[in-house]
2 protein chains.
Amino acid sequence: MRLTSKGRYAVMALVDLARFDGINPVSLRDISLRQSISLDYLEQIFSKLRKKEIVQSVRGTQGGYILNRKAKEIKLTNIFDAVDEKVKTVQCKKESKKGCNGKSTKCLTHNLWDELETHINNFFDKKSLDDLVKENFERRL
Amino acid sequence: MRLTSKGRYAVMALVDLARFDGINPVSLRDISLRQSISLDYLEQIFSKLRKKEIVQSVRGTQGGYILNRKAKEIKLTNIFDAVDEKVKTVQCKKESKKGCNGKSTKCLTHNLWDELETHINNFFDKKSLDDLVKENFERRL
DNA sequence: ATGATACTTGACTATTTTGGTCAGGTTTAT
DNA sequence: ATAAACCTGACCAAAATAGTCAAGTATCAT
């Protein structure tokens, strides 16, 4: 089981962005430098975040990105969704017609993955971007 | 984020095994046929399960495997542990000396992965093999 | 207007991980 | 002795990941 770094980077970048939200657009270049994430990779990630309306872009000099919603209203689920980070339960889920193992029945662990998925999504649904910003920067205020 | 099928197969095989526990050793060949898992792959998996003392092997003709503990005492955490299925939080965890991103500080999502890991482990700690057997076969009793 | 900054898009690729297979054993019941 | 079943380690192809690279386009500041 594994969490990919695309999802992790997306969250890191958004926490960074959320911190400055409301003042100026934040350029990917700045985020790249502060968070040590390749600029090219960030561009890929933000392209997806924009399509899902989590951020807005501001073009031109002094441009960058701003949050499209309040940090409190952006849940981690939204972020992971946007960058295609899914809880894949090993092709043991979607095929409604066929079973998981090529047979016609569900495999013995089918319900288990269902439950786990729900469990994890609950966790991500509760956490907002705002929570993370507070957790990381409250000491410095 | 992803769940590998090695862990899934391990659980499937053990549920199958647990079902017949106490009567005779169950051969991997039988499990292979019933669960549609390659025999060679099962051998790899059971080798690990044996080393972690989750199962015992019985050699020779009519041999096979039996559970080494009661099904109620085998938690899913134990199984995933045994087959090296870990909740990897993207190298963002172990390096205590260096930070997660090459810098000396923890990355902005460090605590998040910690929490998630705990959350998931809680789930797997609660579920025992016995629970799964009951869930899958209670209707037929 | 024009250059610099910054976003935008899409193709491409090396590395790693996964999900196995294959071969060649050893052990033990019958 | 022989067949069933465990045991071990090496090997490999396909897929996914984690990016890089190239070639733009849009907009602001001056």
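1. Angles between helices run from 0 to 180 degrees between N-to-C directions, with axes fitted as lines to C-alpha atoms over the stretch in contact; 65 to 115 degrees counts as roughly perpendicular, under 35 as roughly parallel, over 145 as roughly antiparallel and the rest as oblique. Helices are DSSP runs of H or I with at least four residues, strands are runs of E with at least two, and both are numbered from the N terminus.

2. This is a predicted model, in which local features need pLDDT of at least 70 and side-chain atom pairs count only at pLDDT 80 or more. Residues are numbered from 1 along each chain, and chains are lettered from A in the order in which they are written.

3. In chain B, helix α1 (residues 5–19) packs against helix α6 (residues 129–137) at about 75°, the axes being 9 Å apart. The two helices, α1(B) and α6(B), are therefore roughly perpendicular. Contact (heavy atoms within 4.5 Å) involves, among others, Val11(B) and Leu14(B) of α1(B) and Leu132(B) and Phe137(B) of α6(B).

4. Buried residues (under 20% relative accessible area, 1.4 Å probe, protein chains only) of α6(B) include Leu129(B), Asp130(B) and Asn136(B).

5. Strand β1 (residues 55–58) of chain B pairs with β2(B) in the antiparallel sense over four bridges; pairing requires at least two DSSP bridges. Ser57(B) stands opposite Tyr65(B).

Key. Heavy atoms only, no water. Buried < 20%, exposed > 50% of the residue type's maximum accessible area, 1.4 Å probe, protein only.
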